[in-house]
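Please look over the sequence and the structure shown below before reading on.

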Amino acid sequence: MYTQAMDTQGKEPEDKTLRSVEERALLQRFDANIDDGGFIEAKDWMPENYRRTLVRQISQHAHSEIVGMLPEGNWISRAPTLKRKAILLAKVQDEGGHGLYLYAAAETLGTSRDELLAALHSGKAKYSSIFNYPTLTWADVGTIGWLVDGAAIMNQVPICRCSYAPYARAMIRICREESFHQRQGFDSLLVMMQNGTEAQKAMVQDAVNRWWWPCLMMFGPPDDQSPNTAQGMRWGIKRVSNDELRQKFVDATVEQAKVLGVTLPDPDLKWNEERGHWDFGTIDWDEFWNVVNGNGPCNRERLAARVKAWEEGAWVREAALAHADKQAQRQPKAA
Ligand code: BYC
């Protein structure tokens, strides 16, 4: 196995050559495991790029969950009934929990939560474009549940089979909760559409008009402009491509819109018998990149809210560390 060390005749430091031969064997084992549909655990060897890709995706996902608390949290104090307030509180808390599972999954890859959050606060890390749009009326809350969580589930169910096991396990729990989120949003809109006043129905339609296109952007750029898809799929991190997921979302949502009695704001939405799918209009990718690059309607506000929460929470972190230190000092010293 180590004969290459002799081939180099001492030109390479021995341990470096040995490591590279060893790494090649490890890489072969890793690739074979991935090809067999196997899972990678935190303690397993993995190529550095695989680790980096996962830290990127999982941390962006975690950031999206905690930034995603903001547009809906904005409505907790203004929910129209006690029941809706309790549901919304539970949902927003769930999103915080999702962020925590995901930060924990990212930490298993060797990057600390402080580093991940510093990247968010400095504007270096991305989070989902969708959370840079404002929630103008109560119907936006139902629409986020129906469409945003609906798109999230479509994207996240395949991640339950992600090759990195700690991420896959976190996603199983998250998807169960997301299903409840989607149903409560749909239910809230259905009540307004079936029993509401004309003004309430118009409010729902207006919210759907504003959220539809940004939701289609959530799945990311078209496959032929998505630099990470091919490798992500090769590694079993991504199981289904951006365009395929977007199409599945459109197909499922058109039927739900009929039940609700709302119109989707796309004159090009047409059933295509040959493809067995709904055709839809052109997405404004300039808008998408503008939002991703920090210039959406609420980017600055969202980031400022996260930074403020971090700064105002400093005393909690300090108290928790002081408590942990005290506990450690109280432990009897080993003889
Ligand atoms: N927004 O090569 P691509 C939720 C970036 S949580 C911003 O296709 P990839 C919820 C992408 O990161 C929703 N950026 O990338 C929470 C990449 O940039 P970098 C979040 C986006 O990774 C609370 C570049 O564009 N879900 O729904 O193969 C309440 C090129 O893209 C977006 C997840 O994070 C975007 N929409 O595919 C309610 C799921 N799209 O990093 C709901 C996990 C793309 O190279 N993530 N970009 O600088 C994924 O599945 C994948 O990362 C994506 C992108 C499909 C999002």
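## Helices and the chain as a whole

Helices here are DSSP runs of H or I with at least four residues, and they are numbered from the N terminus. In this predicted model, arginine 19 belongs to one such run, helix α2, which covers residues 14-35. The protein chain holds 13 helices and two strands, and its C-alpha trace spans about 85 × 65 × 35 Å along the principal axes.

Of the 335 residues in the protein chain, 47% are buried. The chain exposes about 17800 Å², and carbon and sulfur atoms supply 54% of that area. When contacts between residues at least 6 apart in sequence are considered, 75% of them join residues at least 24 apart.

## Confidence in the prediction

The average pLDDT of the protein chain is 93, and 94% of the residues reach a score of at least 70. Where pLDDT is low, the predicted coordinates should not be read in detail.

## The surroundings of the ligand

Which residues come nearest to the ligand? Of the 33 residues around it, these are Gln60, Lys126, Ser226, Lys238 and Asn242. The residues of this shell divide into 14 nonpolar, 13 polar and six charged. Three helices, α3 (48-73), α6 (138-156) and α11 (285-295), each supply at least two residues of the shell, and α3 gives the most, with six residues.

Several polar atoms of the protein can be followed to particular atoms of the ligand. A polar side-chain atom of glutamine 60 lies 2.8 Å from an oxygen atom of the ligand, and an N or O atom in the side chain of asparagine 242 is likewise placed 2.8 Å from an oxygen atom of the ligand. With serine 129 it is a polar backbone atom that takes part, at 2.8 Å from a nitrogen atom of the ligand. On its own the ligand has 1000 Å² of accessible area, and the protein covers 91% of this.

## Serine 129

Leaving out residues up to four places away in sequence, serine 129 touches Met217, Phe288, Val291 and Val292.

Asparagine 272 has its place in strand β1, which covers residues 270-272. With a relative accessible area of 18%, asparagine 272 is buried. Its side chain makes a polar contact with the side chain of aspartate 279, at 3.0 Å. Not counting residues up to four places away in sequence, asparagine 272 touches His277 and Asp279.

Isoleucine 76 is found in a loop, the one between α3 and α4 (82-107), and at 18% relative accessibility isoleucine 76 counts as buried. Once the neighbours within four places in sequence are left aside, isoleucine 76 is in contact with Lys85, Leu88, Leu89 and Val92. Between isoleucine 76 and glycine 276 there are 200 residues of separation in sequence and 41 Å in space, C-alpha to C-alpha.

Valine 316 is found in helix α13, made up of residues 314-330, and is partly exposed, with a relative accessible area of 43%. From the C-alpha atom of valine 316 to that of asparagine 272 the separation is 56 Å, while along the chain these residues are 44 residues apart.

Definitions and conventions: Residues numbered from 1 in each chain as written. Predicted model: local features only at pLDDT ≥ 70, side-chain atom pairs only at ≥ 80, totals over all residues. Heavy atoms only, no water. Near = heavy atom within 4 Å. Polar contact = N/O pair within 3.5 Å; in protein donor to acceptor, adjacent residues only side chain to side chain. Areas by Shrake-Rupley, 256 points an atom, 1.4 Å probe, with all protein chains shown as cover. Nonpolar A, V, L, I, M, F, W, Y, C, P; charged D, E, K, R; others polar. Contact = heavy atoms within 4.5 Å. pLDDT = per-residue confidence, 0-100. Buried < 20%, exposed > 50% of the residue type's maximum accessible area, 1.4 Å probe, protein only.
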